[in-house]
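Morning, everyone. Please bring the structure up on your screens, and we'll walk through it together.

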Amino acid sequence: MKVGSCHLSYCSNVHPADSWDETFAKLKQHTLAIAGKIAIAKPFGIGLRLSGRASEELLLHNNLKEFRQWLLNNNLYVFTINGFPYGEFHRKEVKDLVHKPDWTSQKRVNYTLRLARILAALLPEDTEGSISTSPVSYRLWFLRPEQNKVLVQGAENMALVASELYNIYLDTGKKVHIAIEPEPDGLIENSHELVLFFEKYLLKHGVKTLQKEGCSGRKAEEIIKDHIRVCFDVCHFALAYEEPRDTFRKLKSHGIKIGKVQISSALHIKLPQINERKQLLVDLKAFADPVYLHQVVVKNNRGKLEKYPDLPLAMEAIMDPEAEEWRVHFHVPVFTESYKRFGSTRKYILDTLCLCKKYRICDHLEVETYTRDVLPEDIRPDIDEMILKELQWVEKQLTGKKEKVNA
């Protein structure tokens, strides 16, 4: 739905689905009902998640035509697609497999191009489309000398996709861009690595790739900067201890565009005294699920950050006397400030929305609380109620006064 100049929705990756039939059924069951409650008589935009399988099936037979007609009949539209997770995203272990296939793979290229063709066919007139995507690959799969080769190949493949997105724009008038989503332990985790990837890899190796295709250097740079952008996931940048204002300024100064803002919140834990941490450990076990990675970034009493690739590994070090604060990669409902003994990084969301409202950082806003099904049962909300409440809360922040939050 439109809130001011922004399209606001939630990401349908919260609904377990792998095939197109499953995906469509969940949209009919959940998204249609939510739209009817929050966007009465107004168009409601969908943040669509399509697996690799669903993207192939949607392009078969008359599926895409029928889906487009269903959208029109129900006053719905699609403006963004989550193209990060390729395979099954619920119901079994995902962990680091969320990065497969990565950007060194032709499978990732083909998947992204399918999503682009689908999105271009569904976009309303005068609306740009965004596809969030993997930060090239998973850092811990490679030794440091190998990472450079992976980044080069990823940049070359992304540049080829950008060229095809430009061709789609010339053919259809629909502008679609991919949005790189930094996250903990991705090959791109923060704004520093984003700038490095654009300048050292995309604008060098990516430009050279397009020059081989007959494009001038200047035009290649223009295509890359317009069709490759950034997905600013608030939770992920909070884990990087980056203030939204600083990140947006840095990216703008380097000519890097924000294509999409994912509104999400991490767990925030101020560690108690050593003798109180055993109970904290008991409470944390409820969040250590076997499905997703929950990276932890620890800040100690000297301001130094230490990273753990998953919550169980961090829990083994919970008695570290120097550790003062934890931030845990666990997307919790955005409207809640605390969960029993734990806080959240909701303040980062409030700051981000304030900047979006004031400076028009980006027109695509998507709530993404995909870990609802693995929240501890005693704090797990009804899914439709949670999504509706999240959207209403974000809408209030964009249209009303900024909510005060305790630091």
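Start with where two helices touch. On the α1 side, the residues are W20, F24, L27, K28 and L32. On the α3 side, they meet N63, F67 and W70. Sort the residues of this contact by type, and you get 6 nonpolar, 1 polar and 1 charged. Keep in mind that this is a predicted model.

Now the geometry. Two packed helices are described by the angle between their axes and the distance between the axes. Helix α1 covers residues 20-38, and helix α3 covers residues 63-73. Their axes come within 13 Å. They cross at roughly 0°. Angles under 35 degrees count as roughly parallel, so α1 and α3 are roughly parallel to each other.

Next, the rings. How many aromatic pairs does the structure hold? The count is 17. Take W20 and F24. Their ring centres are 5.2 Å apart, and their planes are at 20°. Planes under 30 degrees apart count as stacked, so this pair is stacked. Both residues belong to helix α1, and they are 4 residues apart, so about one helical turn separates them.

Is F24 buried or exposed? F24 has a relative accessible area of 14%. Buried means under 20%, so F24 is buried. W20 is buried too.

F24 has another partner, F67. Here the ring centres are 5.5 Å apart and the planes are at 80°. The cut-off for edge-to-face is over 60 degrees, so that is what we call this pair. It links distant parts of the chain: F24 sits in helix α1 and F67 in helix α3, 43 residues apart. F67 has a relative accessible area of 0%, so F67 is buried.

W20, F24, F67 and W70 form one aromatic cluster.

What lies over the face of F24? That is K28, at 4.0 Å from the ring centre. There is another case to look up. The charged end of K100 sits over the ring of W141, 5.3 Å from the ring's centre.

Last stop: M158, in helix α5, residues 144-172. Its relative accessibility is 0%, so M158 counts as buried. Which residues does M158 touch, leaving out those up to four places away in sequence? They are W103, S134, V136, I178, I180, F197, L202 and I228. Compare the position of A25. M158 and A25 are 133 residues apart in sequence, and their C-alpha atoms are 32 Å apart in space.

That's my tour. Over to you.

Technical notes:
Residues numbered from 1 in each chain as written. Predicted model: local features only at pLDDT ≥ 70, side-chain atom pairs only at ≥ 80, totals over all residues. Heavy atoms only, no water. Axes fitted to C-alpha atoms, helices over the stretch in contact; angles between N-to-C directions. Parallel < 35°, antiparallel > 145°, perpendicular 65-115°, else oblique. Contact = heavy atoms within 4.5 Å. Nonpolar A, V, L, I, M, F, W, Y, C, P; charged D, E, K, R; others polar. Phe/Tyr/Trp six-rings, centres within 6.5 Å; stacked < 30°, edge-to-face > 60°. Buried < 20%, exposed > 50% of the residue type's maximum accessible area, 1.4 Å probe, protein only. Lys NZ or Arg CZ within 6 Å of the ring centre and 35° of its normal.
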